[in-house]
Amino acid sequence: MSQIEVVRKISDYLHVNPGNLSLNREKVITRTCSDSRKITGFYTVVNSLGGKYKSVEEDCSIRQWVEYCNLFVNPSGSNKAHQRLVYEELNSYLATRSYFVGSCMSLADVVVFYCIGGAMEGMQNIEKEKYIHLCRWYDHLQLMDNLRQGMSLVDFTSLRIVR
């Protein structure tokens, strides 16, 4: 999914008007708001849609994951070796957690969910078994209709995921 598609999905989930989304000359996402303000950069655009956090630590942690998606998840599209490394990192991180930041779903989870959605749909069962923690997390989130927004349900029935 492109950055523009990800931002549109996030804005739909948050019930926020995304304004006019485009890529500037440097291929950086830009949001033009209704008052003609321009917001540039993936994190800045995403944060402008719904960045209200409980603490500075939460803000920093969410920013870390949004930037991680921008730098590593989105560019990994056609490079299978790079994709595997990203999924291994995400899987390892989720081995001891239910969510990316804190004990409940945050903007970080929403961004990661949309950034890896297409790849999860195309993953074979043997690959899913390698990333059991990532699959557990994804399966939990995909069951929320308002988050999935018509995306296909990924089949995890052959995996032994503890719910």
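Start by selecting Thr-32, which is buried, with a relative accessible area of 19%; the cut-off for buried is under 20%. The model on the screen is a predicted one. Thr-32 sits in strand S2. Show its surroundings, leaving out residues up to four places away in sequence, and Thr-32 touches Gly-19, Asn-20, Arg-37 and Lys-38.

**The whole chain**

Zoom out. The chain has 8 helices and 3 strands. Followed from the N terminus, the elements come in the order α-β-β-β-α-α-α-α-α-α-α.

How much of the chain counts as buried? Of the 163 residues, 43% do. Now consider the contacts with a separation of 6 or more: residues 24 or more positions apart account for 59% of them.

**Helix H1**

Select residues 3–14, which form helix H1. This helix has 12 residues and reaches 16 Å from its first C-alpha to its last, close to the 16 Å expected at 1.5 Å a residue.

Colour the buried residues of H1: Gln-3, Ile-4, Val-6, Val-7, Lys-9, Ile-10, Ser-11 and Tyr-13. What covers these buried residues? The cover includes strand S1 (20–23) and strand S2 (29–32), together with helices H2 (42–50), H3 (56–73), H5 (107–122) and H8 (145–148). Strand S2 is also the place of Thr-32, where the tour began.

Step past the end of H1 to His-15, which follows the helix and has a positive phi, near 60 degrees.

Most residues other than glycine have a negative phi. The next two stops have a positive one.

Select Lys-27, in the loop between S1 and S2. Phi of Lys-27 is near 65 degrees, a positive value in a residue other than glycine. Is Lys-27 buried or exposed? Lys-27 is exposed, because its relative accessible area is 63% and the cut-off for exposed is over 50%.

Move on to Ser-36, in the loop between S2 and strand S3 (38–40). Ser-36 is not a glycine either, yet its phi is positive, at about 75 degrees. With 57% relative accessibility, Ser-36 counts as exposed.

**Where H4 meets H7**

Two packed helices are described by the angle between their axes and the distance between the axes. Select helix H4 (residues 80–94) and helix H7 (residues 132–142). Their axes come within 7 Å and cross at roughly 75 degrees. Angles of 65 to 115 degrees count as roughly perpendicular, so H4 and H7 are roughly perpendicular to each other.

Which residues meet here? From H4, select Tyr-87, Leu-90, Asn-91 and Leu-94; from H7, select Ile-132, His-133, Leu-134, Arg-136 and Trp-137. The residues of this contact divide into 6 nonpolar, 2 polar and 1 charged.

**After the last helix**

Finish with Phe-156, in the segment after H8. At 4% relative accessibility, Phe-156 counts as buried. Then select Leu-143 as well and look at the C-alpha atoms of the pair: Phe-156 and Leu-143 are 13 residues apart in sequence and 12 Å apart in space.

How values were computed
Residues numbered from 1 in each chain as written. Predicted model: local features only at pLDDT ≥ 70, side-chain atom pairs only at ≥ 80, totals over all residues. Heavy atoms only, no water. Helix = DSSP H or I, 4+ residues; strand = E, 2+ residues; numbered from the N terminus. Expected span 1.5 Å × (residues − 1). Buried < 20%, exposed > 50% of the residue type's maximum accessible area, 1.4 Å probe, protein only. Contact = heavy atoms within 4.5 Å. Axes fitted to C-alpha atoms, helices over the stretch in contact; angles between N-to-C directions. Parallel < 35°, antiparallel > 145°, perpendicular 65-115°, else oblique. Nonpolar A, V, L, I, M, F, W, Y, C, P; charged D, E, K, R; others polar.
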